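Good morning, and thank you for coming. Please look at the structure on the screen while I describe a few of its strands and then its nonpolar cores.

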Amino acid sequence: MKRVLVLARTFGKYSKEPLELLQNNGFEIERREKVDADGLKGFEAVIVGVQRITREMLQNSSVKIIAKHGVGVDNIDLEAATELGIPVTVTPNANAVSVAELTIGFIFALSKKLIDLHNTLYQKRQFVSNVGLELHGKTLGIVGFGSIGKEVAKRALCLGMRVLVYDPYVEESMLRELKVERAELDELLRQSDFVSLHVPLNESTRHLIDREKLSLMKKTAYLINTARGGVVDEKALAEALKNGQIAGAALDVFDVEPLPPDSPFFDCPNVIMTPHVGAHTHEAILRMNMMAAESILDFFNGKIPKHVVNRGVITKLIEKGFSR
C-alpha cells in the first residue's frame, strides 16, 4: 500500500470526498502539520500547502510525486525535484474566483473605509461619519493577468471601473476580448486608484513593488496584495503607509507567515490584513483537494498528471512508459 503524506491543512477538512478517492484506490493517508529533514521518509507522495520542501528532504525520501495544494511553488525546491525526476503538480484556476472575490472585497472595504467605520462603531460605540469613494470611473491596475487577474478584471468592469493590465506575456487578443488596456508597470502605478498584484513569486518578481515603485503611486491610491508577500518590499510599504505616501493597503499575504508580532504593519492604521485566506472557501478548497488527489491517482496509474510545473520531468516519465 502506497503512503501519502498530507501537509496541506485544509485537505479533506470540509469534505471526505478527496480522502475517500485516495483510500478507495489503495492509498494510506497520514496527516502532519510539519516535517523535518527526514520527515518525508516512508512516503511515496506528498500533498503540500505552505510547508517548505527542500532538497535534503527529497534526497532523504522515496517520494515519487509532490502535489501542491495551490499554485505557488516558491516553497518547493523545483530544481531538486526535477533532478530527482519528481513531478510537481499544481491546482490552477481552482482558487481563481475565491481570490478574485477577496480582492474585490478589499477594494470595497478600502474605498468605503468599512473596517474603520465598523471598529469605531462596534468597539468605541461612536456613531461617526466618513467620506468614501465611488468605484465607478476609478482606475484599477492589475499586475499579472493570469486566471485570478482575469477574474478580478471581469468583476471590476462590471462595477464601471477602467482596468489597466501589466503582464508582458499576455496576448493582445485576450486584452481586447476582455476590454482592458495594456500599460507598462510605471504608467499603471501612476494612473491607478487601486493596484492589485497577481503575479507568482520568483526571482524576477521578488520586491517588484519596492520603494521606487511605491513612489510612483498617487497619494490617494491603494495597494492590494493577494499574491505572495515577497512581491512587495514590506519595509518600504510600511514606510509609505506611515508617511501617507499612499492612502492605504490590503494584504492577505506576507513575507513571513504567520505574521510575526513585531511586524511594522501593526503600526499602520491604514492597512487591512487577513491571514492568507484568499483561497479559503468551501468551493475552492474542494476543487484544490480533488485536483491534488487526482494528480497522485493518475501518476500511480501510469499517466502523466495534469498541471506538472517542472516540465523537465515529463520526458523522463514518457521514457518510463507513462502515458499522456
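Predicted model: local features only at pLDDT ≥ 70, side-chain atom pairs only at ≥ 80, totals over all residues.

I begin with strand E3, residues 45-48, which pairs with strand E4 in the parallel sense over 4 bridges. One of the residue pairs here is valine 46, whose bridge partner in E4 is isoleucine 66.

Which way do the residues of E4, residues 65-68, point? Ile65 and Ala67 point one way, while Ile66 and Lys68 point the other way. In a regular strand, side chains alternate between the two faces of the sheet. All four of these E4 residues, Lys68 among them, are buried.

In soluble globular proteins, nonpolar side chains tend to be buried together. The largest nonpolar core in this model has 30 residues, and Leu214, Leu223 and Leu237 have the most contacts inside it. Two or more residues come from each of helix H8 (185-191), strand E9 (194-197), helix H10 (234-242) and strand E11 (248-251). H10 gives the largest share, 5 residues.

What does leucine 223 touch, leaving aside its neighbours within four places in sequence? Its contacts include Val195, Ile209, Leu214, Met217, Leu237 and Ala249.

Apart from this core lies another, of 29 residues, including Ala100, Leu102, Ile142 and Phe194. Thank you for your attention.

How values were computed
Residues numbered from 1 in each chain as written. Heavy atoms only, no water. Core = buried A, V, L, I, M, F, W, Y, C linked by side-chain atoms within 4.5 Å. Buried < 20%, exposed > 50% of the residue type's maximum accessible area, 1.4 Å probe, protein only. Contact = heavy atoms within 4.5 Å. Pairing = 2+ DSSP bridges.
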